[in-house]
Amino acid sequence: MTYFRKTQPHHTMIQRLLTLTLGGYVISVFACVMWSGLVTPRPIFCASAQEPLIAEGEVGRYGGRLVVAERTEPRTLNPITAVDLASRDIIRRLNADLIHINCHTQQTEPALAKLWKVSADGRRYTLELRRGLRFSDGHPFSADDVLFSFRVYLDESIHAPQRDLLTVAGEPIRVDKLGPYTLQFELAQPYAAAERIFDSVAILPLHLLERVYQEGKLSTAWSLQTPADQIAGLGPFRFKTYVPGQHLLLERNPYYWKVDRKANQLPYLHEIDFLFVGNQDVQAMRFQAGETDVISGLSAESFSALEARRHDGNYRLYDLGPGLEYDFLFFNLNSLAPGAAAEVVRKQRWFRELKFRQAVSSAIDRAAIVRLVYHGRAAPLWSHVTPGNRLWLNSSLPRPDYSLARARTLLKSAGFHWDSKGNLADANGETVQFSIITSSGNAPRAQIATMVQSDLAQLGMDVNVIPLESRSVVDRVFKTHDYDVCMLGLVSGDTDPNPEMNVWLSGGSMHLWNLVERQPELPWEAEIDRLMREQSTRLNLKARKRLYDRVQVLVQENLPLICIVSPDVLAGGKSDLGNFTPTILGDYTLWNVEQIFLRQH
Amino acid sequence: MGRSRKLYVAVGLLLPAHLLVLGASFLSPYDPDVQNRALPFVPPTRPHWVDARGKWHLLPFVYAYMALPDGFAAYEPDTKRAFPVRFFVNSPRQQPVGGTYSRYHLFGTDEGGRIFLLGTDRYGRDQLSRLLYGGRVSLMTGFIAAVLSVGLGLLLGSVAGFYGGVIDGAMMRFSDLFLALPWLYVLFAFRAFLPLRTPPRESFTLLIMIIGLIGWARPARLIRGSVLSAKNRNYVLAARGFGASDAYLLQRHILPQTVGIVVTQAGLLIPHYILAEVALSYLGLGIGEPTPSLGNMLAEVQIQSIMSSHWWMLLPGVALIPLVAGYYSLAEVLHQRAGLIHD
């Protein structure tokens with residue numbers, strides 16, 4: 001073996017000087033890096049609230065940036081006009097509400113209001129605000145901001161989506177200022193769990209938005225192009241920068257009003273970076289690569305893939321069980337004008353036949369759908385309240401098995417028969433043929449529709465599945481009513497039945513199967529209307545539950561929606577996240593973002 | 001590569017592919033739309049000749065699948081349950097699929113066993129059967145659409161070239177418009193306007209019509225050029241001088257000159273349209289479920305985790321390679337034979 005010996009160079013003075021200089025430079029850089037690694041820069045603290053809220057949970061450490069991948073870009077930072085999920089996910093971090101629903105306990109808890117009292121008749125709520133709070137730009141917060149916010153939300157010309165929630169028995173809530181930190185909210189009639197309607201109603205800064213409101217420009221205010229110093233809220237973070245197509249950065253709000261058990265001002269994180277990645281696959285890949293810290297709304301496929309590749313344990317995955325989403329089929333039962341969509345009107349003879357709907361429900365193999373579409377990470381459904389909503393679920397509802405024989409018997413008793421080729425035909429000899437529209441952007445629902453198609457083919461029904469762009473589905477269901485059957489899903493924002501009023505009341509804006517009816521057409525619809533109205537005015541939880549249990553029975557018996565499945569809420573987070581406790585409510589992972597901290601950064 | 005070798009390559013690729021899809025009803029062991037819901041994403045079945053005790057068998061056999069309790073779509077062969085592979089099995093189908101019906105199938109297994117040579121999809125449908133029927137749908141789309149395009153191109157191109165003047169100007173400007181159209185988006189728009197209740201067979205026919213009718217401009221322009229040059233040749237002028245009619249001139253002297261272009265264009269357009277069908281169905285705008293096509297079979301692998309963990313789902317994409325390569329080789333050979341280019 002031969003070794004080459006390197007000859008030592010002759011150091012000249014210049015070379016030695018150069019070596020010393022470079023050496024010094026390297027040492028100083030190393031020292032800087034070490035310093036920055038060992039000593040986390042302290043966050044900026046500004047005047048903390050006189051009456052802060054003490055948040056329970058592990059005491060964390062300051063610093064770091066949380067990176068989250070969003071599928072789509074937000075459209076606005078304006079809480080009054082935001083309807084898309086991406087915008088709302090970000091807006092929730094920037095704003096705060098008076099009373100908040102704790103996603104973990106599912107109970108209401110004080111937020112900007114430190115306490116509230118309800119009058120004996122259940123119509124008046126008196127809220128006492130925390131003192132000494134400031135918006136994220138340092139401006140003091142008072143009852144005037146609350147008064148202004150509710151004036152805006154209840155202004156009909158603004159068309160705020162919150163207005164529906166803040167309207168009880170057709171009357172908007174009346175808000176009066178009783179003092180600089182005291183407000184009274186008066187409802188037209190007693191309203192069960194009324195404090196829950198304050199959740200997620202962002203309180204707006206009067207000093208920044210009053211002039212814009214008076215000029216009639218509120219709906220275009222706070223766009224993504226608005227300079228950061230013109231946007232302020234009471235949330236744990238404030239807007240910093242936005243780069244279209246790439247990311248949106250939030251920084252910690254130095255005036256935030258929550259503290260931890262040791263009176264450290266929250267939030268712990270310095271920044272949250274929302275990256276825009278386009279689709280769920282990329283979202284999962286970036287999470288797996290460690291480029292993002294949390295992920296939620298995972299599909300069963302992505303979840304399984306991430307689970308299989310979790311080798312070094314740098315992330316944790318959470319299957320939280322069925323959430324509040326329910327996926328269902330519904331028939332077009334709209335009373336259509338004569339001449340409009342004649343083809344639909346002809347088929348409505350079948351759709352209106354209860355036994356026909358029951359046969360369809362009976363022929364859907366829900367267990368197979370859970371297994372094949374969701375890899376077992378979902379729950380079969382027979383009514384609209386999901387097993388995730390333990391408080392309100394009517395657990396005594398029967399769960400009929402998948403049975404083609406029962407479906408055939410039902411069809412036969414309703415006058416249907418099978419021709420020589422095995423096709424199902426009605427009493428007039430017309431073969432049963434219809435189409436199911438579904439959103440092409442939602443792969444699991446399109447897959448469910450394909451399985452339903454195959455199930456119904458066994459009954460001799462000729463079913464076409466038509467995946468359409470989601471806007472086109474919405475258009476057909478809500479405007480033209482030109483469809484036979486639709487496959488959709490709804491996610492309730494709360495476990496309480498009240499936010500679902502617009503689905504179940506005749507004339508409700510989400511009364512999907514019959515949007516044109518103003519008054520109930522059938523006795524069971526009238527009963528649902530009565531029960532829903534009654535439960536919303538009862539203040540006793542047990543009485544409300546009894547009424548809502550009956551609604552679930554009526555829905556199951558009459559099948560305006562054929563509920564199929566409720567997918568599990570699947571989420572993930574890096575192992576070094578502190579206070580990270582995903583839930584089935586809200587946006588699943590960041591509901592307590594002010595308490596989340598990075599153990600290593 | 002010499003012309004004859006290219007021809008061998010083209011025939012070598014296309015002939016087996018066409019025979020396979022034409023014989024789909026005989027070659028496919030199962031109905032393409034039958035779901036085996038207990039067997040999603042089964043990997044391709046391996047035929048065995050040696051059993052668990054080391055004993056050799058003359059005829060191959062397959063083991064039953066045993067789903068593993070932990071994990072979705074995880075299987076292992078159940079060596080206690082072996083099923084011999086049978087040939088020319090008699091298993092009539094309930095309904096003819098894709099217009100053809102075969103009582104006998106090339107191979108199959110006994111009751112209780114399953115043979116999935118190319119695995120199964122999410123719903124437990126046999127990928128081989130779907131690939132054969134799907135290939136038939138995609139090939140037919142390409143073939144019929146190309147005939148439509150070239151036929152229309154021949155008609156309009158020869159009229160424009162032969163009569164010239166205003167007709168020529170108008171037709172060529174019209175063809176410019178069609179050439180400038182972003183055809184994929186036009187197809188999206190057309191598909192979106194189709195009535196909801198269009199059954200799969202009719203939507204398939206309409207899709208072919210749309211694809212075919214959009215692509216007439218290019219062949220029409222080429223044919224027009226050929227007709228233009230042919231109509232001023234001396235023998236054509238002489239024939240006209242002797243009183244030959246337009247129809248006679250077109251039929252006898254001019255259209256034969258365009259045969260090379262027509263055949264070459266057809267050869268080029270078929271793979272082009274096969275890919276158009278694949279693109280449309282991949283994006284959910286083509287042939288609807290449960291009818292298989294190469295495009296809607298590939299749509300499943302839009303989900304990255306499926307692509308990475310179930311490789312057999314990519315086979316429809318692999319099947320496209322010989323089809324497209326074969327047709328392009330054939331088009332090149334035809335191009336050379338027609339004297340449009342030289343070796």
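Start with Tyr282 of chain B: leaving aside residues up to four places away in sequence, Tyr282(B) touches Gly295(B), Leu298(B) and Ala299(B). You'll find Tyr282(B) in helix α9 of chain B, which covers residues 246-282. Is Tyr282(B) buried or exposed? Count the other C-beta atoms within 10 Å and you get 22. The cut-off for being buried is 20 or more, so Tyr282(B) counts as buried. For a sense of distance, pick out Asp51(B) as well: Tyr282(B) and Asp51(B) are 231 residues apart in sequence, and their C-alpha atoms are 41 Å apart in space. Keep in mind that what you're looking at is a predicted model.

Now zoom out to the rest of chain B. The chain holds 12 helices and 4 strands, and its C-alpha trace spans about 90 × 45 × 35 Å along the principal axes. Of its 343 residues, 41% count as buried. How confident is the predictor here? The mean pLDDT of chain B is 86, with 94% of the residues reaching 70 or more.

Chain B comes in two parts, domain 1 (29-124) and domain 2 (129-337). Their C-alpha centres lie 38 Å apart. Where the two domains meet, 14 residues of domain 1 of chain B are in contact with 12 residues of domain 2 of chain B. What sort of residues does domain 1 of chain B bring to that meeting? On its side there are 8 nonpolar, 2 polar and 4 charged residues.

Next, follow chain B over to its partner. In this complex, 19 residues of chain B are in contact with 25 residues of chain A. Which part of chain B gives the most to its side of this contact? That's helix α11 of chain B (residues 304-309), with 4 residues. Sorted by class, the side of chain B that touches chain A has 9 nonpolar, 6 polar and 4 charged residues. For the complex, the predictor gives an ipTM of 0.82 and a pTM of 0.83.

On to chain A itself. Here you have 601 residues, 44% of them buried, and a secondary structure of 16 helices and 26 strands. The C-alpha trace of chain A spans about 110 × 85 × 45 Å along its principal axes. Chain A is also assigned two domains: domain 1 (53-314 + 575-598) and domain 2 (325-568). Notice that domain 1 of chain A is written as two stretches of sequence, 53-314 and 575-598. The C-alpha centres of these two domains of chain A are separated by 33 Å. Between them, 15 residues of domain 1 of chain A are in contact with 16 residues of domain 2 of chain A. On the domain 1 side, helix α7 of chain A (residues 300-308) has the largest share, with 3 residues. That side of domain 1 of chain A divides into 8 nonpolar, 5 polar and 2 charged residues.

Let's look at one sheet in chain A. Strands of a sheet pair through backbone hydrogen bonds, and they can do this parallel or antiparallel. Which way does this one go, parallel or antiparallel? Its 4 strands, in the order β5-β6-β10-β9 of chain A, form an open sheet with antiparallel pairing. At the edges stand β5 (113-118) and β9 (174-179) of chain A; each has a single partner strand, so one side of each is left without a neighbour in the sheet. On average, neighbouring strands in this sheet are turned by 20° against each other, direction ignored.

Inside the sheet, strand β6 (residues 124-129) and strand β10 (residues 182-186) of chain A are joined by 5 bridges. For one example, look at Leu127(A), whose bridge partner in β10(A) is Leu183(A). Helix α3 of chain A (residues 143-154) lies across β6, β9 and β10 of chain A, and runs at about 170° to β9(A).

Finally, find helix α2 of chain A (residues 85-94). How many of its 10 residues are buried? The count is 7, so this helix is mostly covered. Among the buried residues are Ile90(A), Ile91(A) and Leu94(A), along with Asp89(A) and Arg92(A). What do the buried residues of α2(A) pack against? They pack against four strands of chain A: β2 (65-70), β11 (237-243), β12 (247-252) and β14 (271-276).

Notes. Residues numbered from 1 in each chain as written. Chains lettered and ligands numbered in written order. Predicted model: local features only at pLDDT ≥ 70, side-chain atom pairs only at ≥ 80, totals over all residues. Contact = placed C-beta atoms within 7 Å. Helix = DSSP H or I, 4+ residues; strand = E, 2+ residues; numbered from the N terminus. Nonpolar A, V, L, I, M, F, W, Y, C, P; charged D, E, K, R; others polar. Pairing = 2+ DSSP bridges. Axes fitted to C-alpha atoms, helices over the stretch in contact; angles between N-to-C directions. Domains from an automatic or database assignment. Buried ≥ 20, exposed ≤ 12 C-beta atoms within 10 Å, placed from the backbone. pLDDT = per-residue confidence, 0-100.
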